[in-house]
Amino acid sequence: MGIADANQDVQRWIDEWVRVLEPARVELYLGEREETDRLIDGLIAQGTLRPLDPSRRPRSYVAASDPRDVARLESRTVISTDDPDDAGPTNHWQDPTAMRERLGKLFAGSMRGRTMYVIPFAMGVVGSPFAVYAIELTDSAYVAVSMAKMARVGRAAWDAILGGAPFVPAVHSVGAPLAPSQRDVAWPCDPDNTWIAHFPATSEIWSYGSGYGGNALLGKKCLALRIASVHAREEGWLAEHMLILKLTSPEQRTYYIAAAFPSACGKTNLAMLQPSVPGWRAETIGDDIAWIRPGPDGRLRAVNPEYGFFGVAPGTSRRTNPVAMATISHDTIFTNVAVTPDGDVWWEGMDEPAPSGLITWRGEPYDPAKGPAAHPNARFTVEARQCPTIAPEWEDPNGVPLDAIVFGGRRRDTVPLVAEARSWEHGVWLGATMASETTAAAEGSVGRVRRDPFAMLPFCGYHMGDYVAHWLEVGARAGAKAPRLYVVNWFRRDDEGAFVWPGYGENARVLAWIVDRLEGRAQGVSHPYGTVPAPGELDLAGMAEAPSWDALFGIGDEEWSRELEDARAFVATLAPRFPASLLDVAEAADRAADTDR
Ligand code: GTP
Ligand code: SPV
Ligand code: MN
């Protein structure tokens with residue numbers, strides 16, 4: 001079906017995999033309406049998707065995953081380079097030959113009884129200088145229909161690849177072959193043997209055993225971050241875990257801001273911000289990944305290479321994120337949310353309390369004593385063009401020029417609400433040593449503070465020390481045209497454990513201060529983290545309970561020295577590739593803050 005016209009390289013690659021995987025059928029999937037409808041009908045018949053009430057949420061479905069397959073599996077995500085040092089200490093390294101052998105055994109016959117979908121796609125606008133082409137082979141129809149929402153799947157990418165454009169070869173199997181007459185399960189997977197392997201030397205991605213999110217939608221973290229970060233380093237650009245936001249001031253000036261926060265730390269929410277401050281307007285360009293290249297004028301230009309949002313459902317409400325709620329009002333696939341008796345979705349943090357008769361993500365009647373109704377990493381999958389605040393330039397093939405880049409994390413103390421770095425180098429130090437409390441977006445314990453450089457800890461495809469050095473080079477080349485660098489923290493808490501900052505739409509106050517800095521209107525005061533708003537400088541007018549300056553920015557001497565010591569200990573683990581000059585930059589910044597105090 002259409003594969004006959006594939007050019008020889010592509011055909012040979014597909015044939016090789018068909019021999020290994022032994023699917024019962026092979027289908028080219030271009031994401032077209034009729035094909036998608038047919039796949040969805042099949043998924044409903046199989047019990048993977050359950051249609052929601054079309055009068056409440058048209059053309060929308062709920063999937064419930066296997067409870068053992070609910071998030072990215074960081075411990076089984078590997079970078080296979082010949083030299084382990086090229087993967088660096090922050091990645092799980094596996095010898096490429098051994099990994100190919102091990103996965104080869106798992107892949108052998110793993111698609112028996114199933115259809116293999118051949119999915120050509122582009123990350124970035126087809127034909128643009130940013131575009132990267134790829135083909136994912138998968139035996140999951142759920143992955144296929146999700147990919148059509150998340151990436152530019154289709155004829156244009158296929159034609160580009162057939163025309164000879166290089167493509168990233170990506171192979172995915174849920175690892176659950178079907179014997180003849182064996183009944184399928186709703187969510188096939190092989191959790192005991194899951195591996196998500198990357199071979200940077202050949203840009204290959206091999207994923208086995210999981211059907212969930214970043215483990216299986218290979219255009220996202222595997223391609224657009226881990227593989228792309230390797231290309232980016234070689235070619236002088238940046239592949240980042242960042243949202244991109246367009247901000248228009250009351251003076252009608254436009255600013256483009258990118259922000260790196262770790263998983264489940266607020267990127268989608270900031271990307272869809274509805275400013276609480278009168279006169280400001282925010283529009284969305286991307287919510288998770290930014291590819292950043294120097295433009296012809298020397299400014300850094302960013303694109304969102306994705307086509308949709310794979311957003312965290314819990315905590316999303318009309319109060320916190322009305323834009324997301326509007327975006328997912330139709331044509332959305334929900335995974336691991338709860339289902340109401342009238343055929344709609346529910347999760348913790350929604351505006352309405354849990355209705356009676358609620359069925360949890362595990363398919364059981366809801367009993368609060370037995371845990372949440374929606375899995376904490378429950379997600380929605382939806383095309384970006386459904387977002388009411390999507391900016392027209394989100395598909396600009398040349399991207400948007402960045403004015404500021406923000407680093408943030410989830411920290412109950414220490415890190416101030418906002419600070420401007422003293423220089424690009426100082427900002428790189430702050431980005432390289434940022435830390436965050438772990439979340440449900442990956443397997444493992446939640447709430448533990450870990451260093452997560454540039455929110456890229458699980459996503460950098462090479463040595464983290466080299467990555468930091470690459471950031472220095474990109475900044476040096478951009479010179480005075482480089483965007484300014486900031487840190488933010490929406491998650492400081494008081495003694496009772498309550499957030500001191502209301503967050504969400506109120507974060508616009510922080511963005512307004514950043515713009516004031518860009519325009520030279522805000523003086524700021526010196527702080528261990530750089531320049532923070534002087535008391536009274538942050539516009540808190542009209543806030544119900546304005547927090548004190550100290551609650552938002554205060555930091556004790558001991559708190560600061562502990563932080564600095566911990567940051568230094570972390571970067572020591574990246575030596576000798578971590579740029580030593582940054583230690584001097586950090587020390588100079590520390591001294592500057594000291595003299596100012
Ligand atoms: P990934 O998709 O995993 O990369 O997550 P993300 O960075 O896009 O995070 P998202 O915006 O989905 O937010 C994750 C969680 O943080 C949700 O439960 C939000 O409600 C919560 N959150 C987001 N912004 C804020 C904020 O400003 N303040 C507080 N307190 N919580 C927030
Ligand atoms: C993240 O964990 O940062 C996500 C979800 O955006 S996933 O696609 O699973 O990586
Ligand atoms: Mn993310």
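The legends below describe close-up views of a predicted model.

Residues are numbered from 1 along each chain as its sequence is written, while chains are lettered from A and ligands numbered from 1 in the order in which they are written. Local features need pLDDT of at least 70 and side-chain atom pairs count only at pLDDT 80 or more, whereas totals for chains, interfaces and linings use all residues; side-chain values use heavy atoms, with hydrogens and water left out.

**View 1. Trp 17 and Phe 107 form an aromatic pair.** The structure holds 24 aromatic pairs, where rings of Phe, Tyr and Trp (its six-membered ring) pair if their centres lie within 6.5 Å, with planes under 30 degrees apart counted as stacked, over 60 as edge-to-face and the rest as tilted. Trp 17 and Phe 107 are edge-to-face, at 5.3 Å centre to centre and with 85° between the planes. Both Trp 17 and Phe 107 are buried, a word used for under 20% relative accessible area, with exposed being over 50% and partly exposed in between (1.4 Å probe, protein chains only).

**View 2. The charged end of Arg 76 sits over the ring of Trp 195.** It lies 4.3 Å from the ring centre, and the charged end of Arg 100 likewise sits over the ring of Phe 199, 4.1 Å from its centre. Such a charge has NZ of Lys or CZ of Arg within 6 Å of the ring centre and within 35 degrees of the ring normal.

**View 3. Cys 265 is buried.** Cys 265 counts as buried because its relative accessibility is 2%. Leaving aside neighbours within four places in sequence, Cys 265 is in contact (heavy atoms within 4.5 Å) with Arg 410, Ser 436, Thr 439 and Phe 491.
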